[in-house]
Amino acid sequence: MIKNQTPLILARNFEREQAIRIPSHERPLFHLTPLVGWMNDPNGFCYYNGQYHLFYQYHPYSTVWGPMHWGHAVTDNLLRWTYEPCALAPDTAADAGGCFSGSAVPMPDGRLMLVYTGVQPAGTFRRETQAQCVAIGDGVNFEKSMLNPVIRHAHLPEGYSALDFRDPKAWLGEDGRYYLVVGNRHEERQGAILLFSSGDGLDWTFECEIDSSRNEYGRMWECPDFFPMDGKQVLIVSPQEMHAREDFHAGYGTVAFIGSWDAKEKRFTRETVQPVDSGLNFYAPQSLVAPDGRRIMIGWMENWETCKEAPRRHPWYAQMSVPREIWLKDGRLMQRPVREIEGMWLDTVIHEDVTVQQETPLPGVQGRLIDLTVKLHPQGSACRRFTLLVAKDANHQVLIRCDLAREELVFDRSRGGSHRDIVHTRHVRARVADGELTLRLLMDKESVELFVNDGECVVTSLIPTPMDADQITFAADAPIRMSVEAHHLGVVG
Ligand code: FRU
């Protein structure tokens, strides 16, 4: 290594040189992609010094996963992002095997603290270990603590793993102490989320285990988030190796446990459980509280299974979901795209109370950059199956079919342009509530995010469909009334 060419400086030089070769039209319009190379989990999602910051798992040097760095971007409106230089590179003994996922906490003295997992690679005498590290800075440059790793296996009671110990999500408590939840794998209960606290962010104390898989919801639990909401407490985790059960699909999932938290007794009591997003591409979400009080969540719009097979058509790979406002309704986690999306509405096309049966497009409703809401009114209709086709041309289509009798929705991208024999379909619940079923679809070129009934179920998926497949059609097996509101999306002004 030439003097001063640290891994961080090398990464910053490399990304700067490469990124200027990527024209902005080769990226999605409002979903964040890595500056160059590979991206996975959102990290350090926070509001700091008047802007939203998002860091991400980052391998600048190729479009596949590699030694993990932290990429960085900022935004005023959660949709249009500006890149900052790479924030962390694996360059100390505590994180030589990678700077894995973590979070960011604005400190009372005005600095920003990053808390992340440092991976210590296997050596001659020991296996790889994972431990928690701290880096503090001004929002662009961060200095890693000499005390790293600040939370190690030695902090844990017996039975917990030194190898599967990652993804701290930290916050500053009302009592002025720092808290964090972190994923681990217990030898009996498997995936487990542990709570720690600290007065200064450096000296941490183990508090308790908040919850565990109990062998029911997968093995390792990655990327926890833990927050109060509407009088309840929400624990979100991303389990590996789930079995398909209830509303959950097999493999990498996202689970929300909603319940109560007794901070004094250190006891979390589950009440309800649901998938966070049932799509083909969604994992490792993280949330923040916006200055106006909204809780906003963003996820990695990928899946560890499907990304292996996905084509690499750009010098960047993977993207984040749209940031979503989340709230609870009747004990259920609800989601909608952040309202800032309205600032990207170029127009408004409304078709009020139209009746459809034969497959038909609607004037002014087409495209791959669209915010589309369809309200179905099945009352008094013999209709059992309603079909919405998007990203359609003579050879392609992405199908969204509602079985109104069974209150089930099928999302099917198998004719969406993929050349791979991987999973392309998902089934979710789609209730008719108060005589209405609402589908809101957000499309940004190669992605679809479908919010059923104000996001009581969400299906997020990438579609590798050629961009000129841009028709949208509506069809049903018997006449059904519906209303459609469409907004084409773009940069206004
Ligand atoms: C989740 C995850 C995390 C880990 C990171 C590594 O997608 O596996 O548990 O910190 O990715 O890049």
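Modeller: Begin with the ground rules. This is a predicted model, in which local features need pLDDT of at least 70, side-chain atom pairs count only at pLDDT 80 or more, and totals for chains, interfaces and linings use all residues. Residues are numbered from 1 along each chain as its sequence is written, and side-chain values use heavy atoms, with hydrogens and water left out.

Biologist: How is the chain divided into domains?

Modeller: Domain bounds come from an automatic or database domain assignment. Here, domain 1 covers 7–19 + 29–337, and domain 2 covers 341–489. Their C-alpha centres lie 31 Å apart. The contact (heavy atoms within 4.5 Å) takes 32 residues from domain 1 and 34 residues from domain 2.

Biologist: What is the area buried between domain 1 and domain 2?

Modeller: The size of an interface is often given as the accessible area lost when the parts come together. Buried area is that loss for two parts, taken with a 1.4 Å probe and summed over both. Between domain 1 and domain 2 it is about 2800 Å², with carbon and sulfur atoms giving 57%. In domain 1, Leu29, Leu280 and Pro337 lose the most area to domain 2, together 23% of what that side buries.

Biologist: Which polar links cross between the two domains?

Modeller: Side chains of opposite charge can pair when their charged atoms come close. A salt bridge is a side-chain nitrogen of Lys or Arg within 4 Å of a carboxyl oxygen of Asp or Glu. The rule finds four across the interface of domain 1 and domain 2. Polar contacts are pairs of N or O atoms within 3.5 Å; within protein, one must be able to donate a hydrogen and the other to accept it, and residues adjacent in sequence count only if both atoms are side-chain atoms. Between the domains, 22 residue pairs are in polar contact, both residues at pLDDT 80 or more.

Biologist: Which strand gives the largest share of the side of domain 1 that touches domain 2?

Modeller: Strands (E, at least two residues) are DSSP runs, numbered from the N terminus. Strands E20 (324–329) and E21 (332–337) each supply at least two residues of that side. The largest share, six residues, comes from E21.

Biologist: Which residues are closest to the ligand?

Modeller: A residue is near a molecule if one of its heavy atoms lies within 4 Å of it. Here 13 residues surround the ligand, and the closest are Asp41, Gln57, Asp167, Glu222 and Trp304. A side-chain N or O atom of Asp41 is 2.7 Å from a ligand oxygen. For Arg166, such a distance is 2.8 Å. A polar side-chain atom of Glu222 also lies 2.8 Å from an oxygen atom of the ligand.

Biologist: How many salt bridges does the rule count?

Modeller: The count comes to 32. One of them joins Lys266 and Glu207, at 2.7 Å, N to O. This pair links distant parts of the chain, 59 residues apart. Lys266 is in the loop between strands E15 (255–262) and E16 (267–275), while Glu207 is in strand E12 (residues 204–212).

Conventions. Helix = DSSP H or I, 4+ residues; strand = E, 2+ residues; numbered from the N terminus.
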